[in-house]
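Colleague: I would like to go through this model before I plan anything around it. Can we take it in short questions?

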Amino acid sequence: FERKKILVLGAGYAGLQTVSKLQKLLGHQDADITLINKNEYHYEATWLHETAAGTIDWEDGVYPVSKVVDASKVKFVPAEVTAIHKDEKRVETNQGDFEYDILVTALGFESETFGIEGMEEHAHSIVSPQTALAARHEIERNFANYKNSGAEKDISILVGGAGFTGVEFLGELVESVPVLCEKYGIDYSKVNLTCVEAAPSMLPMFPENLTDYAVKYLEDRGAKFMIGTPIVAANEDGFVVKIDDEEQQLEASSVIWTAGVRGNSLMEESFDGVKRGRIVVKPDLTIEGYEDIYVIGDVAAVMNGEGDDARPYPTTAQIAMQLGEHVAKNIELTLKGDKKEPFKYDDKGTVCSLGSKDGIGIVMGREIKGKKAAFMKRVIDSRAILKIGGPMLAYSKGKFF
Ligand code: FAD
């Protein structure tokens, strides 16, 4: 009897949840489990807008992977995956090659600029602690330099996209910008916060009354929305937008793009039939033709049914964690010689924060807003840590206080 080699790529919500569950389900002798992740730490991707706005320190949203991994059962290798050779059952990294019998690919998301000219070069994105910190530092630099620069122009922050991330980011900005104004002696009226959205409406996942609530909350605190306004380019001065078929330059000191994410581009290089870094998975979460390759989290298109009407579920941390648990169970079944089971998504709802004290959401089918939503958001954020890392980690990193 030879022990199977299980290789998990990525220690985000999907990959780390897989490992956390696998080490509970399997004994020492059942398999050789290896986890590979770019960094020594896991980051809470769903908190990155807070790092970007400066309402939390980046360290608050990360913890060492070693806090979750049981070293007696799992080997953790901090390394960057550079290629997946699916037919040779081999993964290349900057720390050498790894062979596997069972592969779990959970390499997460990156920014998608849809080919908008200049966006990659001139806009910040909120997709990793590094990009979030870069945005935060630039914003603060503008406030710090404001008086030295002659204070002729207002400080303008442009946010591209009024989707979930854009709105959550604005919610944090209306909290952090007054603090920056106070710190650097700048009048809040000298700051413009503008959100530009191409679609005719925002936050399509919520009913109109909740979206209206969010818009009013943010407008009351100084944010402005330009809805139905496509961004055609980004440059050193800000965004170029199209209004009534005319191009117009919107000037800004900081530009942050939040309107698009895609799956990791290693996916296109490694597999066939990948669209925007995502590959359609079968109900058991393996991919067509490869019984031993599971793909989960933001690199997977998990369909909500069968046939032509089937659509992929939106990629979220919520589904990523459920997928991770399910893969661990299917791997256990396979090792026992049993059949894999199909995945069923249990949608518990969504909460969109508006800073630390407000929000909107639908939880267990019920609409919530205000303080209740902010409280629920803290519960959801803390629950993710509890589920993956257990009560001690949740106690130290959770948002209980
Ligand atoms: P990720 O979290 O992206 O993790 C992937 C991991 O793989 C990372 O650790 C990364 O470092 C590692 N990795 C990547 N490339 C390599 C490589 N080449 N080699 C080695 N390691 C690599 N979802 C919700 O459910 N609710 C929310 O409220 C919510 N809010 C969000 C707010 C923001 C600001 C953002 C950006 C996203 C939000 N999401 C939310 C979406 C959620 O964050 C993602 O769906 C989730 O992170 C996907 O999890 P994942 O494990 O697939 O990928």
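Modeller: The chain averages a pLDDT of 96, and 100% of the residues score at least 70. pLDDT is the predictor's confidence in each residue, from 0 to 100. This is a predicted model: local features need pLDDT of at least 70, side-chain atom pairs count only at pLDDT 80 or more, and totals for chains, interfaces and linings use all residues. Residues are numbered from 1 along each chain as its sequence is written.

Colleague: How far apart do the C-alpha centres of domain 1 and domain 2 lie?

Modeller: The bounds come from an automatic or database domain assignment. Domain 1 covers 4–111 + 262–347, and domain 2 covers 119–259. Their C-alpha centres lie apart by 32 Å.

Colleague: Which element gives the largest share of the side of domain 1 that touches domain 2?

Modeller: The contact takes 14 residues from domain 1 and 18 residues from domain 2. Two residues are in contact if their C-beta atoms, placed from the backbone, lie within 7 Å. On the domain 1 side, α2 (48–53) and β10 (109–111) are the elements that give two or more residues. The largest share, six residues, comes from α2.

Colleague: How many residues on that side of domain 1 are nonpolar?

Modeller: Ala, Val, Leu, Ile, Met, Phe, Trp, Tyr, Cys and Pro count as nonpolar, Asp, Glu, Lys and Arg as charged, and the others, Gly among them, as polar. On the side of domain 1 that touches domain 2, five residues are polar and two are charged. The nonpolar ones number seven.

Colleague: Which residue in the turn between β21 and β22 has a positive phi?

Modeller: β21 and β22 pair in the antiparallel sense over two bridges. I287 stands opposite Y290 in β22. The hairpin has two residues between the strands, and the positive phi, about 85°, belongs to G289.

Colleague: Is the crossing of α1 and α8 left-handed or right-handed?

Modeller: The axes of α1 and helix α8 (residues 317–335) come within 7 Å and cross at roughly 35°. A crossing is left-handed if the near helix is turned anticlockwise from the far one by less than a right angle, and right-handed if clockwise. This crossing is right-handed.

Colleague: How many residues of the contact of α1 with α8 are nonpolar?

Modeller: From α1, the contact includes Y13, A14 and L22; from α8, it includes M321, V327 and I331. Four residues of the contact are polar and three are charged. The nonpolar count is 11.

Colleague: What is the bridge partner of A83 in β7?

Modeller: Three strands form an open antiparallel sheet in the order β6-β7-β8. β6 and β7 (residues 90–93) pair over four bridges. The partner of A83 is E92.

Note on methods. Axes fitted to C-alpha atoms, helices over the stretch in contact; angles between N-to-C directions. Pairing = 2+ DSSP bridges.
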